[in-house]
Structures are given as structure tokens and as C-alpha cells.
Amino acid sequence: EYQHLEVAFKEAGTKYINWAAKMAIATNTGVPWIMCKQTKAPGEVIPTCNGRHCGDTWPGPADKKKPLLWTENWTAQYRVFGDPPSQRSAEDIAFSVARFFSVGGTMANYYMYHGGTNFGRNGAAFVMPRYYDEAPLDEFGLYKEPKWGHLRDLHHALRHCKKALLWGNPSVQPLGKLYEARVFEMKEKNVCVAFLSNHNTKEDGTVTFRGQKYFVARRSISILADCKTVVFSTQHVNSQHNQRTFHFADQTVQDNVWEMYSEEKIPRYSKTSIRTQRPLEQYNQTKDKTDYLWYTTSFRLETDDLPYRKEVKPVLEVSSHGHAIVAFVNDAFVGCGHGTKINKAFTMEKAMDLKVGVNHVAILSSTLGLMDSGSYLEHRMAGVYTVTIRGLNTGTLDLTTNGWGHVVGLDGERRRVHSEQGMGAVAWKPGKDNQPLTWYRRRFDPPSGTDPVVIDLTPMGKGFLFVNGEGLGRYWVSYHHALGKPSQYLYHVPRSLLRPKGNTLMFFEEEGGKPDAIMILTVKRDNICTFMTEKNPAHVRWSWESKDSQPKAVAGAGAGAGGLKPTAVLSCPTKKTIQSVVFASYGNPLGICGNYTVGSCHAPRTKEVVEKACIGRKTCSLVVSSEVYGGDVHCPGTTGTLAVQAKCSKRPPRSAATAQ
């Protein structure tokens with residue numbers, strides 16, 4: 001991803017690109033080299049695309065002998081502290097991949113396919129511990145449906161077409177405004193695949209291709225594995241949906257006794273060893289060993305300097321290159337300030353109390369990771385750079401060149417209080433709420449079962465989380481996004497870090513909070529759903545097989561016993577079965593998994609039919625047909641849609657069944 005930096009270095013940037021290519025090729029590895037997110041690459045090196053819609057936004061290599069490679073298809077939005085929730089739909093991802101292969105793409109790679117956690121201090125600047133949680137496998141490794149299943153079905157369909165895609169002659173046939181067919185065909189071998197595209201974003205449509213009519217939903221691609229039979233539609237999701245839920249663990253309230261250890265005295269200038277006239281740049285002081293750097297100075301005031309009126313208070317104004325600060329005056333907490341991922345520099349203004357005589361200012365500056373991209377990274381700065389006091393009788397007092405002392409890191413970090421050995425070497429006291437610069441700890445046993453474990457830190461502010469001495473990442477729940485909520489408040493605790501009993505939960509809190517209200521939760525995806533219409537194609541994985549490069553119907557095979565009719569399949573996680581049907585409606589239901597509502601054409605028998613087919617089973621199949629549920633095909637407004645929500649839990653399974 002050097003191209004967007006290349007221009008900053010002008011001729012030297014181009015020279016570097018050429019040098020890098022020659023160096024790589026000279027290693028004689030025997031496999032191709034690539035340059036990501038690049039439109040041009042020297043010699044044999046292949047330029048590749050990173051993005052969301054490389055089939056439409058990327059022209060491909062200038063040298064048309066080089067293949068079209070998509071090295072990063074972003075399955076979700078890259079999120080940082082301060083970002084509101086965002087999603088990318090399964091339909092949009094599937095459309096982008098089908099489009100890419102339809103225009104001659106060779107390889108598509110997903111970023112990310114499995115979400116995860118940035119443990120410790122590994123996250124880049126402002127990047128949350130939770131990373132790509134909206135991927136097909138979420139942060140905990142649980143299937144995020146329908147994203148997981150819809151992409152699985154897409155690639156199953158593409159495998160049916162592999163011979164035509166690899167060796168067929170490509171052609172393009174317009175089918176109307178914003179409609180087209182892209183075809184790969186070997187006529188002499190009767191091998192063919194067609195991608196029927198509708199690029200209208202608001203209108204469904206019907207097209208005629210080779211004498212046959214096909215319904216193509218808005219902004220979708222239908223894959224015809226033999227140029228006749230629709231085996232997959234990007235807009236019609238056959239895979240199940242699910243809903244993630246978080247469950248209160250009894251271990252939250254068992255032995256919920258908190259202890260605290262406060263940082264040693266807030267540093268003062270006279271006790272520091274690193275002294276300069278002006279505040280120092282932070283990265284060069286902390287050297288990636290800690291997030292924290294103290295800045296401290298002292299100054300004297302006379303009676304005439306202070307405001308005469310009690311309602312008038314002096315204001316501390318601190319300008320910082322980033323990322324966040326907590327300020328104290330005469331050991332009293334004054335307030336916090338922070339920048340953003342885009343604008344890391346900021347200015348904090350907080351009212352404060354001053355006294356006659358010597359006053360002490362101490363500012364704890366923190367970074368949230370190193371820079372992750374951009375040119376001239378060696379010139380990026382962090383930390384305090386100007387400090388003034390406004391509102392004095394004698395005017396503004398500029399402390400920027402007053403003489404500053406610096407302390408790298410926290411006392412608790414130097415003592416390693418997060419470790420078993422370190423925590424035993426300090427004096428712990430009963431925990432109190434709303435204590436800034438405080439280490440908190442409690443013991444807890446892991447929740448029973450194997451479901452993932454999270455800690456809900458909603459009642460806290462900003463700091464760092466540990467379990468059994470392992471750093472689980474930075475938390476920052478006091479920073480709310482535009483919708484008024486924290487970007488992340490649930491933090492993953494891998495079960496591999498937990499002991500059978502007596503685990504230590506510890507965190508360093510910068511601002512203050514209420515540790516007693518912290519909750520331990522478990523994570524499930526036991527609410528499973530389907531939302532399918534009679535317009536959906538038959539399920540590609542169970543209804544078709546490839547034989548002599550042709551799709552052949554395998555009606556009645558596998559779980560999809562609905563043959564070539566659209567069939568919804570509900571399947572519980574491992575060792576769990578369907579215990580209840582929460583919602584079932586055929587006709588024109590609306591909503592999303594976990595929040596469906598019946599429409600005006602609801603078929604009353606739907607729930608009875610679904611319960612008979614599914615209760616007590618790990619997997620069940622439901623043919624989407626008005627005959628099965630007694631739906632009224634003449635009802636005004638019917639969409640021929642089946643919506644079901646079921647609940648899974650651990651019970652002995654029965655054999656699979658089908659409603660048809």
C-alpha cells in the first residue's frame with residue numbers, strides 16, 4: 001500500500017518502488033510478487049487492489065498480461081475509538097465478489113475473514129481491541145450469519161463454474177439499461193457460465209437471456225452455472241441468520257469484592273530527573289515501552305494574581321499533539337481531554353482552583369498506539385506542547401517555557417502490579433468508586449460452559465485491562481461516538497487464559513468509575529433465523545452437483561429435501577438443538593432476526609408446521625411454498641416470504657426433518 005505515499009516523496013518515491021521490485025525479483029523465489037493497492041508495478045511484479053468493489057473501481061494492471069488480483073476485500077468497516085457502529089451486508093460482499101470474477105478476476109481474498117482482539121498494547125493509534133468483529137467469523141470465532149453462510153454458498157456456486165471461468169471465452173451482452181450478461185463459454189465442450197447483472201440500486205427487473213426470462217433483483221448478480229440454471233443470487237440469501245446475545249454470569253456477583261492500589265504521589269517538578277525548559281515530545285521519551293508520560297511544573301502566585309470574585313475561576317488550557325490527557329492541579333483532579341483518529345491534536349480547557357504561593361500542575365499524557373500508515377512517520381508527534389493559565393487578574397500566564405519535569409510510565413507499571421509477584425509487593429485497600437489513577441482488582445471464577453467470556457466495562461472511564469497478568473487491551477468507554485455511546489464497552493477474555501478458580505481481574509483506571517457495577521457475561525449465537533422468499537433459487541449446496549461441468553439436480557439429497565424449491569435450513573451450533581420457535585410467519589413478514597413482525601398476509605398455520613419440523617432437532621429444512629403453510633397467493637401485498645426465529649440450547653438431538 002505504498003502508492004498513496006509515493007507522491008509525498010516525488011521522484012524518490014518512484015525510485016523506491018523500482019528498487020523494491022528489483023530487490024524482490026532478485027531473490028528468485030519462484031513465485032510471483034505483488035504490490036498491494038497499486039495501479040502500476042515495475043517488471044514482473046503484479047499490482048493488486050484493496051477495497052470494497054474492485055470489480056468496478058479498479059482498472060487492473062496496465063500490463064493486461066498480468067492477472068487481476070484482489071488482495072483485500074474489506075468484510076466490515078475498519079473501526080477506531082470514536083466510531084459509531086457500522087456494517088457491510090452479506091449481499092454487498094457477495095455482489096462485489098461475483099462482479100469481480102465476472103469481469104475476469106483471478107483471485108479474491110477477504111480482509112478480515114475472522115475478527116479478533118488486539119491484546120495488550122498491540123493496537124495501532126486509536127484502534128480498538130475489538131477488530132473486524134463484523135467479519136464472517138466474529139471476534140470470538142462464532143459464525144456471523146448470514147455473512148458466513150452466504151459467502152460459503154457463493155464460492156460453492158463459483159466452484160460449479162470453474163472450468164468455464166478458467167478456460168472459457170469471455171463476452172459481454174447488454175440486456176437493457178444497467179443490465180448486462182457476462183459470459184464465459186467453451187462452445188465445443190458445451191461449457192458455459194453467465195453472470196446476469198442488475199446495477200439498478202432501487203429497481204428489481206426481469207431480463208431475457210438466450211430466449212429465457214430471468215428475474216434479477218436490484219443491485220444483484222445471478223449466476224447461471226450452465227448459462228441456463230440460476231444456482232446463486234447475490235441478493236437472495238438462502239443461508240440462515242443469527243443474533244448474538246450476551247448473558248449475565250452469576251460470577252459477576254459471587255465474591256464481588258474490589259481492592260485498589262492508588263498510584264504513588266502525583267509527581268512534582270522538584271522530584272523529577274528529566275527536566276527541560278519546554279515539554280518534551282512523548283514518543284521519543286516513552287519509546288513504545290508504555291503509553292504514559294507525566295509532565296509537571298510549578299509556579300508561584302500572589303494574592304493580587306487571583307480573581308477577586310469567588311464565582312470566577314482560572315482556566316487551565318493545555319494543547320497536545322495527542323492522544324489524551326488527564327490533568328491535576330495541586331493533586332486535585334481537574335479534567336480530561338483527547339483528540340480523535342483523524343485529528344489527534346487537541347486543546348483541553350478546564351476550570352480549576354489555585355492558591356496563593358506555589359501551585360503544582362501535573363498532566364498525565366497517554367498515547368493509544370503508534371501511527372499505522374502515512375508518510376514521514378518519523379516526524380509524527382504526541383504529548384503536551386503548550387500550557388497556559390487564563391483568568392488571572394494579571395492576565396494570561398504562559399507556562400510553556402516555565403521549566404518542565406517528566407516521568408516515563410506509571411508507578412504501577414514499574415512495580416508490575418498486574419503480575420502475581422508484583423501485586424503481592426504493594427498494599428491494597430478496600431475499593432472505592434470514582435478514584436482516578438487507580439489500580440483495581442478482584443478474584444472471580446470462570447462462567448460454566450464453553451461460551452466466550454466478556455467483561456462489561458460500561459461503568460468505567462479509560463485505562464488498561466488485565467486478566468491473570470495478561471494485558472487484554474486498552475479500554476475507553478468514556479469516549480462516546482456521535483450516537484452517544486462508547487465504541488466498545490465489552491472486552492474479550494479468552495478462556496485459554498482462565499484458571500478453573502481464582503482468576504484475577506485487574507485494570508488501571510485513569511479517570512474514575514464504579515468497579516462494583518462491572519459485569520461478567522457470556523456470548524451466544526443461539527437465536528437462529530431464516531428470511532426467504534419463493535423467488536430464491538434452490539440451495540446451491542444441497543440441490544446441485546457438478547457432473548461433466550454441468551449442474552445436475554440432486555433433489556431429495558442431504559438436508560435440503562425440498563429438491564429444486566427454495567428451502568430454508570436452520571441449524572444449531574455444536575451440541576445444541578432447537579428448543580423453541582419464537583416466531584414463524586409465511587406471507588409478507590417484516591423485520592430482522594430477533595425483531596420480526598407478521599404482515600397483512602400471515603398464514604396462521606406457519607408456526608405449527610415449523611414446530612413440527614424443527615423442535616428437538618439440530619437441523620431442519622423448511623420448503624418455502626404457500627402450499628406448505630396454507631398461504632393465500634391472492635392476498636394483496638404477499639411477497640411469498642417465510643420468516644422464522646428459533647432458539648437453540650443443549651438437549652438430546654433427534655434426526656433431521658423437512659417441512660414440505
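The legends below describe close-up views of cysteines in a predicted model. Local features need pLDDT of at least 70 and side-chain atom pairs count only at pLDDT 80 or more, while totals for chains, interfaces and linings use all residues. Residues are numbered from 1 along each chain as its sequence is written, and side-chain values use heavy atoms, with hydrogens and water left out.

**View 1. The disulfide of C192 and C227.** A search of the whole structure finds six disulfides, a disulfide being a pair of cysteine sulfur atoms within 2.5 Å. The sulfur atoms of C192 and C227 are 1.9 Å apart, and with -65 degrees about the S-S bond their link is left-handed. C192 lies in strand β10 (residues 191–198) and C227 in the loop between β13 (220–224) and β14 (230–233), where strands (E, at least two residues) are DSSP runs numbered from the N terminus. Both C192 and C227 are buried, that is, under 20% relative accessible area (1.4 Å probe, protein chains only).

**View 2. The disulfide of C529 and C593.** The S to S distance is 2.1 Å, and the torsion about the S-S bond is about 70 degrees, so this disulfide is right-handed. The pair links distant parts of the chain, 64 residues apart, with C529 in strand β34 (residues 519–533). C529 is buried, at a relative accessible area of 0%, and C593 is buried at 12%.

**View 3. C161, a cysteine in no disulfide.** The nearest cysteine sulfur to C161 is that of C227, 8.8 Å away. C161 is buried, with a relative accessible area of 1%.

Technical notes. Helix = DSSP H or I, 4+ residues; strand = E, 2+ residues; numbered from the N terminus. Buried < 20%, exposed > 50% of the residue type's maximum accessible area, 1.4 Å probe, protein only.
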